[in-house]
Amino acid sequence: MKVTAVLIICSCLFSGSTGKPRFPDQEKDPKFWNVWAQRTLKNALTLQNLNKNQAKNLILFLGDGMGVPTVTAARILKGQLNGQNGEETQLEMDKFPFVSLAKTYNTDSQVPDSAGTATAYLCGVKANEGTVGVSAAAVRSQCNTTEGNEVTSILRWAKDAGKSVGIVTTTRVNHATPSAAYAHSVDRDWYSDNEMPPEAVQAGCRDIARQLFENIPDIDVILGGGRKYMFPKNTSDVEYPNITKHSGTRKDGRNLVQDWITRMKDKKGHYVWNKTQLLSLNPNNVNYLLGLFEPGDLPYDLERNSEMDPSLTEMVDVAIKILKNNPSGFFLLVEGGRIDHGHHEGKAKQALHEAVEMDRAIGLAGLLTSIYDTMTIVTADHSHMFNFGGYTVRGNTIFGLAPMLSDIDQKPFTSILYGNGPGYKIVNSARENVSSIDYQENNYQAQAAVPLSMETHGGEDVAVFAKGPLAHLLHGVHEQNYIPHVMAYAACIGQNREHCMTAGSGTDGLRPVLFSIVALLTVTRILC
């Protein structure tokens, strides 16, 4: 204990000797904090006037693997990218007025996976690990447990109500998160029929890529990766014609993209596979859009070819502008899916930059919509074994070292660490000395306590940020499957519609006529 204290004190003295202030001078004055708190209090008091409008539009941002430590670290990174210390920065999601916690366990797993959780926050029922769009009565990989256990998603409910619907993801469009919006599969890995056991195909189970186009044939916007699962086996990829692993995978010989193009020929449907094609579209002249930008997942944002692959923000921009053409409104699922991949690989820098990019997309969505008629929710499916600590000083680079040495092996360590994963390294029978390597490199794998080829998910609750009509219904701690029920209630879709038509039900504000009254009163005040 004494050694640790000395090391911390020495480190702090060294830090102070550089002459660099650790925090702004204004923060030394109590008035600064009191004024800030009072301003926050006034803003909070305005929330007593609850937004009880009917939600015309619904947007769900899903940061795959974006647990609370990831949110905090991403906040610091965002600030530091803007030349600030970072800790005081606000993410776009931080500005949402209502925050709650969601319990993420699957019906059969204490620590969940992305498939069972996606079924919860999209379909409204908890499910088994590894399954999408089916109830817990279905057993993973057992085809004969599919029929009769299908559950529908909020995307389907919105489509049935006459709204436009869209899916935007940085992963494959048939990956776990997006697939729960349209598919019913007892195995999340059945991307195409190539990944399915022959007996499952013979029994009539369909791969997820096929279900994307067949279950809800008129999904208005689909943007992401996964191109190879749509084409016949060994068909060369349009972007990587000489790389075999990117060739088509389908054994049934079907070209799902061409089928879609043919079906949408006279419906203002457009297929694009690169950024130039995407951004050249006039959203006002597009009814349906299919964009598949990579054979598999899209690259990490730090490695993205900005000439060929659109960013998540750019995809969201186009998607919302197309979906807004429907006067009945829309539902949009946006997944920052590679946050999860970065953590699995122990690459915290990749994961956090993915989270910051998703936050940019959240900000843009806010500019393109209104809190008066658009409910926006930001959440995660699960967390990761990721954290940061070590008594770092204010403004310490989030990817930097803790200001002390270990009092056990007398070596430095990075603030960011994983509980398990590929970053576990032993050199000469001892922990690797991080000072001898570039620990701020994009693909540096942070040290982990337990060696695993892939880091695992975490089991703690995740945050749910909400704004817009009836966002106050997301409060306290809830089961994860509660989320789509709130969204459906706010939009008067699915099984939650009676309150929208019943006068005197306590939800009179949900009636669309309210918008007209408010608008009329506002104009009258201005003119008078």
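Reader: Which backbone oxygen lies 2.7 Å from a polar atom of the side chain of Thr145?
Author: That is the backbone oxygen of Gln142. Polar contacts here are pairs of N or O atoms within 3.5 Å; within protein, one must be able to donate a hydrogen and the other to accept it, and residues adjacent in sequence count only if both atoms are side-chain atoms. Bear in mind that this is a predicted model, where local features need pLDDT of at least 70, side-chain atom pairs count only at pLDDT 80 or more, and totals for chains, interfaces and linings use all residues. Residues are numbered from 1 along each chain as its sequence is written, and side-chain values use heavy atoms, with hydrogens and water left out.

Reader: Thanks! Which backbone nitrogen does the Thr145 side chain reach?
Author: The one of Val139, at 2.9 Å.

Reader: And is Thr145 buried or exposed?
Author: Thr145 is buried, at 13% relative accessible area. Buried means under 20%, exposed over 50%, and partly exposed in between, using a 1.4 Å probe and protein chains only.

Reader: What is Thr145 in contact with, leaving aside neighbours within four places in sequence?
Author: Ala137, Ala138, Val139 and Val186. Contact means heavy atoms within 4.5 Å.

Reader: Where is Thr145 found?
Author: In the loop between helix 4 and helix 5. Helices (H or I, at least four residues) and strands (E, at least two) are DSSP runs, numbered from the N terminus.

Reader: Switching to cysteines, how many disulfides are there?
Author: The count is 2, taking a disulfide as a pair of cysteine sulfur atoms within 2.5 Å. Cys143 is joined to Cys205, S to S 2.0 Å. Cys143 sits in the loop between helix 4 (114-123) and helix 5 (154-160), and Cys205 in the loop between helix 7 (198-202) and helix 8 (208-214), so this pair ties together parts 62 residues apart in sequence.

Reader: Which hand does the link of Cys143 and Cys205 have?
Author: The torsion about its S-S bond is about 110°, so it is right-handed. Cys143 is buried at 11%, and Cys205 is buried at 12%.

Reader: What does Cys492 pair with?
Author: Cys500, with S to S 1.7 Å. That link is left-handed, with -95° about the S-S bond.

Reader: Nice. Why does Cys123 stay out of a bond with Cys205?
Author: Its sulfur is 17 Å from the closest cysteine sulfur, in Cys205, which is too far for a bond. Cys123 is buried, at 5%.
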